[in-house]
Amino acid sequence: MSSTLAEPRPAERENPLRWVRRAFRDFRRSRPFYGGLLAVLAGVPIMYFPYANLSLNGMTLAMATTAGAGSLIIGVLLIVLGLTAWFQPVVRVFAGIATTLLTLVSIPVSNLGGFGMSILPGLIGGGLMIAWAPFQATDPAGAAVAAASGGGTATATAAEEPVEQPPATEGTVPAQQAAAPEEAR
């Protein structure tokens with residue numbers, strides 16, 4: 001028996017992994033997913049480094065600066081803006097602009113924007129959020145009918161009725177254009 005003759009699997013018996021992948025794909029395509037992801041990834045180093053204690057061969061390095069609270073606020077706001085772009089795509093333009101501005105503010109405030117690791121993801125993520133637009137699905141049958149009828153009922157009736165032009169007078173530009181062309185001398 002070939003696979004073309006086999007009956008398709010009913011939806012209730014669909015593979016759970018395939019269902020999760022399809023649900024995630026639909027989620028990802030219906031919002032500025034990658035812009036939000038880059039904003040979240042940009043917020044993590046900004047918020048982490050001022051409070052990190054690194055140990056090198058028994059020597060502890062602390063990057064505790066006076067801008068620790070500012071770095072924490074900027075990092076948390078970037079993460080919140082990334083999640084907002086995911087779950088409220090209507091405010092994507094605001095979230096993108098705010099992400100771009102907070103990324104630029106993080107350069108002087110929080111250790112050069114998380115030692116430079118957050119600058120590019122933050123700026124690219126903000127730009128992706130601003131540039132994203134929801135997909136407008138068109139009905140192929142409705143578009144074909146509208147194209148065949150001349151763009152709809154309003155344009156079809158307007159095209160059938162001729163529009164009367166006012167009479168042209170002798171010395172006006174429309175009268176000269178309507179007259180026979182003269183030879184060039």
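User: Which residue stands opposite Ser55 in S2?

Analyst: Ser55 faces Thr60 in S2, and the bridge partner of Leu56 in that strand is Met59. This is a predicted model, in which local features need pLDDT of at least 70 and side-chain atom pairs count only at pLDDT 80 or more, while totals for chains, interfaces and linings use all residues. Residues are numbered from 1 along each chain as its sequence is written, and side-chain values use heavy atoms, with hydrogens and water left out.

User: How many helices and strands does the protein have, and what counts as one?

Analyst: There are nine helices and two strands, where helices (H or I, at least four residues) and strands (E, at least two) are DSSP runs numbered from the N terminus. Read from the N terminus on, the elements run α-α-β-β-α-α-α-α-α-α-α.

User: Why is Ser118 called buried?

Analyst: Buried means under 20% relative accessible area, exposed over 50%, and partly exposed in between (1.4 Å probe, protein chains only); Ser118 has a relative accessible area of 0%, so the residue counts as buried. Ser118 lies in the loop between H5 and H6 and, leaving aside neighbours within four places in sequence, is in contact (heavy atoms within 4.5 Å) with Ala42, Pro45, Ile46, Thr103 and Gly113. Among the buried residues of H2 are Ala42, Pro45 and Ile46, and what covers the buried residues of H2 includes helices H1, H3, H4, H5 and H6.

User: What makes the approach of Ser118 to Ala42 a polar contact?

Analyst: A polar contact is a pair of N or O atoms within 3.5 Å, where within protein one must be able to donate a hydrogen and the other to accept it, and residues adjacent in sequence count only if both atoms are side-chain atoms. The backbone oxygen of Ala42 lies 2.6 Å from a polar atom of the side chain of Ser118, and 2.6 Å is within that 3.5 Å cut-off.

User: Is Gly75 buried or exposed, and which residues does Gly75 touch?

Analyst: Gly75, found in helix H3, has 0% relative accessibility and therefore counts as buried. Not counting residues up to four places away in sequence, Gly75 touches Gly43, Ile46 and Met47; Gly75 and Pro45 are 30 residues apart in sequence and 7.6 Å apart in space, C-alpha to C-alpha.

User: Why is the pair of Phe27 and Phe87 called tilted?

Analyst: Rings of Phe, Tyr and Trp (its six-membered ring) pair if their centres lie within 6.5 Å, and planes under 30 degrees apart count as stacked, over 60 as edge-to-face and the rest as tilted. The structure holds eight aromatic pairs; in this one the centres are 5.9 Å apart and the planes stand at 45 degrees, so the pair of Phe27 and Phe87 is tilted. This pair links distant parts of the chain, with Phe27 in helix H1 and Phe87 in helix H3, 60 residues apart. Phe27 counts as partly exposed at 23% relative accessibility, whereas Phe87 counts as exposed at 53%.

User: How do Tyr48 and Phe49 form an aromatic pair, and what are the distance and the angle?

Analyst: Tyr48 and Phe49 are 5.5 Å apart centre to centre with 65 degrees between the planes, which makes the pair edge-to-face. At 47% relative accessibility Tyr48 counts as partly exposed, while Phe49, at 16%, counts as buried.

Notes: Two strands pair if DSSP finds at least two bridges between them.
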